[in-house]
Amino acid sequence: KDVLARAGLKSDALEIVFDGADYGAIDETPDFVKSLPLWKALDENTLVAYEMNGEALPHWNGFPVRLVVPGWSGTYWVKQLTSISAMPKPETGFWMSRAYRIPKDKFPHVERFLSQEGEDNTPITDMVVNSLVTNIEEGQHLRAGKPATVKGLAWDGGHGIRTVEVSVNGGKTWRE
């Protein structure tokens, strides 16, 4: 927010585009460029970080500066920022138009990125509910009709998890 205020924004700014120095393991990997809607870039919690725990940001954490977008998928947390640009139109690079997208209207979204929504898909933004079963291994067999304890973790982007349900038949039925 402060960086953009100091730089000055034109009234037609739609998205803020962030380019990082990261590059892929193969030459064909597209340049890592991500954008945020203007409203998210101006959010007081969206930061350009240059320190961590009072010290210069370590290399593996994005030195010299990285974008921090709390509540949004880590794909927006661009490391090793090389440029920040305000654009009047949606970013069309690979990492916005083709990668990190999910089927539209299939997942709950609190914070939508409308300028990047397509007909069939939308970019991943806020964290959706995720979960892990931690005490049963893939392929492990349990006795039918015998009680079994299921342990695990469930997390979201801070919107609150109301219930945790388990399916033992591939998702046909669920129970708390």
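This note goes through some features of a predicted model, point by point.

1. Strand β1. The strand covers residues 15-20 and is joined to β2 by 5 bridges, the two strands running antiparallel. On its pairing with strand β7 (residues 81-87), 6 bridges are found, and this pair also runs antiparallel.

2. Burial of β1. Of the 6 residues of β1, 6 are buried, so the strand is largely enclosed by the rest of the structure. Both of its faces are covered. E15, V17 and D19 lie on one side, while I16, F18 and G20 lie on the other. Note that charged residues, E15 and D19, are among those counted as buried here.

3. To follow the pairing in the structure, start from single residues. D19 stands opposite V33 in β2, and V17 stands opposite S35 in β2.

4. Strand β2. How many of the residues of β2 are buried? The count is 5 of 5, so β2 is largely enclosed by the rest of the structure. V33, S35 and P37 point one way from the strand, and K34 and L36 point the other way. Residues on both sides are buried.

5. S35. This residue lies in strand β2, which spans residues 33-37. Its relative accessible area is 1%; buried means under 20%, so S35 counts as buried. The side chain of S35 makes a polar contact with the side chain of E15, at 2.7 Å. Leaving aside residues up to four places away in sequence, S35 touches E15, I16, V17 and F18, and also Y76, E91, M96, F113 and Q116. E15, I16, V17 and F18 belong to β1.

6. P123. Strand β9 (residues 121-123) contains P123. P123 is buried, with a relative accessible area of 2%. In sequence P123 and I102 are 21 residues apart, yet in space their C-alpha atoms are 6.2 Å apart.

7. The largest pocket. About 970 Å³ of space lies in the largest pocket. Its lining has 31 residues, and V133, V150, V166, S167 and V168 lie nearest the centre. The elements giving two or more residues to this lining are β10 (130-133) and β11 (152-155). By type, the lining residues divide into 16 nonpolar, 7 polar and 8 charged.

8. A cis peptide bond. F63 and P64 are joined by a cis peptide bond, with omega about 5°. P64 is found in the loop between β5 (55-56) and β6 (66-68).

9. Positive phi angles. Most residues other than glycine have a negative phi. Q80 has a positive phi, near 50°, and Y100 has a positive phi near 55°. Q80 is placed in the loop between β6 and β7, and Y100 lies in the loop between α3 (94-97) and β8 (101-103).

10. Accessibility of Q80 and Y100. Is each residue buried or partly exposed? Q80 has 14% relative accessibility and counts as buried, because buried means under 20%. Y100 has 38% and counts as partly exposed, because that value falls between 20% and 50%.

Technical notes
Residues are numbered from 1 along each chain as its sequence is written. This is a predicted model: local features need pLDDT of at least 70, side-chain atom pairs count only at pLDDT 80 or more; totals for chains, interfaces and linings use all residues. Side-chain values use heavy atoms; hydrogens and water are left out. Helices (H or I, at least four residues) and strands (E, at least two) are DSSP runs, numbered from the N terminus. Buried means under 20% relative accessible area, exposed over 50%, partly exposed in between (1.4 Å probe, protein chains only). A polar contact is a pair of N or O atoms within 3.5 Å; within protein, one must be able to donate a hydrogen and the other to accept it, and residues adjacent in sequence count only if both atoms are side-chain atoms. Contact means heavy atoms within 4.5 Å. On a 1 Å grid over the protein atoms alone, a cavity is a set of points where a 1.4 Å probe fits but cannot get out, and a pocket is an open set with protein on both sides within 12 Å along at least five of seven lines; lining residues have an atom within 4 Å of a point. Grid points are joined across faces, edges and corners, and a volume is the space filled by probe spheres set on the points. Two strands pair if DSSP finds at least two bridges between them.
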